[in-house]
Amino acid sequence: MSRELRSEGEGATGVEHALKMMRAEAEPLFAVLDAARERRVLKLLQGAGEQYESLYEGPESKELAEVAPYLVRLPGDSELLAQLVHRGWGKSWGLFLTSRLPFKETRRHLRKFLMVQDATTKRQLYFRFYDPRVLRMFLPTCSVEQRTEFLGALETVLVEGEKGEVLRFKAPR
């Protein structure tokens, strides 16, 4: 099975290379950002003027607002995109993706993966797929079917590698 994974950019130039790659992606570009990983994430989103929403719903959304994962739409000329990459690349703030679905449907798709069931204990567990350290380990181990289910209508997912390089995952077609 082809992993359809490409690594690009190393070291000090990784941040600028990552920003260049994201700006070159077909729109719409989104990010899923982890407010639990970095407290500034929510403040950046609140002040940016871009469309964003927690992946959590209901009472959980309010109770966990300060530590929730957030989906944000990033137009190509977004100042927020540059801020996120310059401040957060290499610090596991989240992931970037393109989707052919509108914002609400992209959010709905991603919400399906917030919880997983432990095969042994059958307990429900949070799945932090939006953490680049988790996703870059998870996706290469998936079968084609699992990867197709996870990526769904997502065209591309971009995450930081261990050395700051750009890892680019494409949905199997």
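Two strands are taken to pair if DSSP finds at least two bridges between them. Helices (H or I, at least four residues) and strands (E, at least two) are DSSP runs, numbered from the N terminus. The structure is a predicted model, in which local features need pLDDT of at least 70 and side-chain atom pairs count only at pLDDT 80 or more, while totals for chains, interfaces and linings use all residues. Residues are numbered from 1 along each chain as its sequence is written, and side-chain values use heavy atoms, with hydrogens and water left out.

Thr 98 stands opposite Thr 156 in S8. Strands S5 and S8 (residues 154–160) run antiparallel and are joined by four bridges. S5 also pairs with strand S2 (residues 29–34), in the antiparallel sense, over five bridges; here Leu 33 stands opposite Gly 94 in S5. Strand S5 (residues 94–99) is mostly covered, with six of its six residues buried (under 20% relative accessible area, 1.4 Å probe, protein chains only).

The chain holds seven helices and nine strands. Its radius of gyration, taken over C-alpha atoms, is 15 Å, close to the 16 Å that the globule rule gives for 173 residues, so the chain is as compact as a globular protein of that length. The rule is 2.2 Å times the number of residues to the power 0.38. The C-alpha trace spans about 45 × 40 × 30 Å along its principal axes. Of the 173 residues, 47% count as buried. Among contacts (heavy atoms within 4.5 Å) with a separation of 6 or more, 68% are accounted for by residues 24 or more positions apart.

Terms used. Buried < 20%, exposed > 50% of the residue type's maximum accessible area, 1.4 Å probe, protein only.
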